[in-house]
Amino acid sequence: MQVNKALIDSLGVANTLRFLQQLGVGYGDYTQERHQWLDPLSLDDFRNYVRGKQEDAR
């Protein structure tokens with residue numbers, strides 16, 4: 001419970017509750033899932049994605 005006290009002391013009750021709600025408890029292995037998403041991408045794929053985002057922003 002020392003962590004909760006430290007959060008409340010730093011953030012206050014309302015912001016601590018907001019933080020804990022946003023934090024949530026995940027499941028699975030994010031690192032393994034990230035590799036499944038990113039490993040197939042080449043550097044050219046990434047460059048094209050960034051260029052597309054830049055053009056969308058204009």
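Begin by selecting Thr16, which lies in helix α2, spanning residues 13-23. The model on display is a predicted one. With a relative accessible area of 4%, Thr16 is buried, because this value falls under the 20% limit for that class.

Next, display the side chain of Thr16 together with the backbone of Gly12. The Thr16 side chain reaches the backbone oxygen of Gly12 at 2.7 Å.

Together with Phe19, Leu20 and Leu23, Leu11 makes a nonpolar surface patch of about 350 Å². Helix α2 supplies the largest share of this patch, with 3 residues.

Is Phe19 buried or partly exposed? Its relative accessibility is 36%, so Phe19 counts as partly exposed; the class covers values between the 20% and 50% limits.

Finally, move to helix α4, which covers residues 43-57, and select Arg47 there. Arg47 has a relative accessible area of 39% and is therefore partly exposed. Show Asp44 as well: a polar contact of 3.2 Å joins its side chain to that of Arg47.

Thr16 is buried at 4% relative accessible area, whereas Arg47 is partly exposed at 39%.

How values were computed
Residues are numbered from 1 along each chain as its sequence is written. This is a predicted model: local features need pLDDT of at least 70, side-chain atom pairs count only at pLDDT 80 or more; totals for chains, interfaces and linings use all residues. Side-chain values use heavy atoms; hydrogens and water are left out. Helices (H or I, at least four residues) and strands (E, at least two) are DSSP runs, numbered from the N terminus. Buried means under 20% relative accessible area, exposed over 50%, partly exposed in between (1.4 Å probe, protein chains only). A polar contact is a pair of N or O atoms within 3.5 Å; within protein, one must be able to donate a hydrogen and the other to accept it, and residues adjacent in sequence count only if both atoms are side-chain atoms. Patches are made of residues with over 30% relative accessible area and no salt bridge: like charges are joined within 9 Å, nonpolar side chains (Val, Leu, Ile, Met, Phe, Trp, Tyr) within 5 Å. Accessible areas come from the Shrake-Rupley method with a 1.4 Å probe; for residues, only the protein chains shown count as cover. A salt bridge is a side-chain nitrogen of Lys or Arg within 4 Å of a carboxyl oxygen of Asp or Glu.
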